[in-house]
Amino acid sequence: MNNRFLQALGAQNSGRPPVWLMRQAGRYMPEYQALRKGRSFLDMCRTPEIAVEVTKLPLRLLDVDAAILFADILLVADALGAALRFEEGKGPIFERPIRNVNDVNALPDVQAAEALGYVGEAVGLLRQEIDVPLIGFAGAPFTVASYMVEGGSSRELKTTRQWMRREPEAFEMLLEKVSDLTIDYLRMQVDAGAQALQLFDTWACYLDYAQFTRYSLHYMQRVLDGLRECQVPVILFCKGASVWADELAATGAQGLSLDWQCSLPKLRRQLPAPLVLQGNLDPYLLYAPHDVIRAQTERLLQEMAGDPAFVVNLGHGILPDMSVDAVRVLVDTVKGASYAHNL
Ligand code: CP3
């Protein structure tokens with residue numbers, strides 16, 4: 001059993017840092033494309049045996065130190081009745097977006113075990129089959145709610161940001177509903193065997209400070225509090241939010257996953273120990289020549305050398321047109337790092 005990742009989450013890692021990558025199982029892999037052929041992405045998520053196979057791909061092909069469950073943050077919105085589908089080239093689309101207080105009131109009360117039981121099943125199967133820690137995840141309430149309001153992907157969350165200002169209480173009711181199901185959903189994942197959790201608040205970066213604390217941070221805190229008794233480490237990913245690192249650290253989450261705008265050594269000096277820092281290579285580094293990927297990765301490793309609570313990752317996900325070889329160079333560079341031993 002490779003426990004490097006869990007040791008880092010406990011701020012106890014004494015060797016090289018563990019490495020895993022956001023969207024490590026995805027369209028950039030020919031093996032993923034092959035499994036995807038003839039099936040929709042949602043069907044893949046809803047079929048535990050397929051979700052297990054996809055989750056395992058990066059373990060076999062890249063030999064990373066942790067697996068992240070193959071699923072999507074928008075499954076929670078779908079379970080709340082928003083009727084999700086993915087369209088080629090357009091991304092997610094919701095048949096029934098949320099646009100007023102009546103829409104919020106009409107949302108059903110859902111139990112994760114009923115509506116999302118297939119995810120728990122995939123987690124259970126995976127734990128029997130893999131020898132690295134398994135990360136479960138969900139979207140943070142703000143990001144999931146914003147997709148429900150937009151009805152899909154959007155450039156700057158225009159509809160959400162207008163509605164939030166016009167009907168803040170209705171938006172909060174939506175955030176509460178999403179939070180409650182998210183807590184239930186993550187508890188289900190932990191009960192099924194997830195050993196760590198990550199919460200993705202991708203779009204909180206559009207909020208001003210007061211909105212961030214009221215609509216994003218508050219509900220992440222609510223989810224964390226709801227998971228307290230599970231005693232599982234939680235990492236918060238909030239793209240563009242290193243400006244709010246103090247606030248995110250104060251939630252009591254075990255770790256922060258940070259993007260490439262910030263300096264990890266600087267944050268390490270600023271934030272209270274033993275907070276786990278994960279990140280933070282620019283994903284576009286993977287478009288660079290291999291020697292550049294190696295050099296930049298080594299620079300990050302040097303900067304964080306000997307840090308017992310550091311996890312190597314990208315600042316955001318791998319993109320579909322990136323090359324598997326480039327990803328492998330990054331992972332192999334981390335695994336070849338020897339200087340951190342016994343520090
Ligand atoms: O990281 C992993 O490997 C685990 C699985 C995972 C996926 N999505 C698989 C996926 C995770 C953790 C996510 C999170 C997710 N999904 C986020 C938060 C993180 C982030 O990237 O900011 C968000 C915002 C989503 C919503 C989402 N899912 C969008 C906007 C899209 C479409 C993107 C596009 O380019 O079309 C997805 C689809 C999706 N999620 C795919 C995968 C592998 C591609 C699906 C396909 O095969 O067509």
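1. F200 has F237 as its bridge partner in strand 6. Strand 5 (residues 196-200) and strand 6 (residues 234-237) run parallel, joined by four bridges. Strands here are DSSP runs (E, at least two residues), numbered from the N terminus, and two of them pair if DSSP finds at least two bridges between them.

2. Before going on: this is a predicted model, where local features need pLDDT of at least 70, side-chain atom pairs count only at pLDDT 80 or more, and totals for chains, interfaces and linings use all residues. Residues are numbered from 1 along each chain as its sequence is written, and side-chain values use heavy atoms, with hydrogens and water left out.

3. Zooming out, the sheet is open, has seven strands in the order 1-4-5-6-7-8-9, and its pairing is parallel. At the edges are strand 1 (67-68) and strand 9 (310-314), each pairing on one side only.

4. Now the ligand. There are 23 residues around it, with R23, Y32, R36, D72 and H316 coming nearest (near means a heavy atom within 4 Å). The shell splits into 15 nonpolar, four polar and four charged residues, where Ala, Val, Leu, Ile, Met, Phe, Trp, Tyr, Cys and Pro count as nonpolar, Asp, Glu, Lys and Arg as charged, and the others, Gly among them, as polar.

5. On polar contacts (N or O pairs within 3.5 Å): a ligand oxygen is 2.6 Å from a polar backbone atom of R23. A ligand nitrogen is 2.7 Å from a side-chain N or O atom of D72, and a ligand oxygen is 2.8 Å from one in the side chain of T202. The protein covers 89% of the 890 Å² of accessible area the ligand has on its own (Shrake-Rupley, 1.4 Å probe).

How values were computed
Polar contact = N/O pair within 3.5 Å; in protein donor to acceptor, adjacent residues only side chain to side chain.
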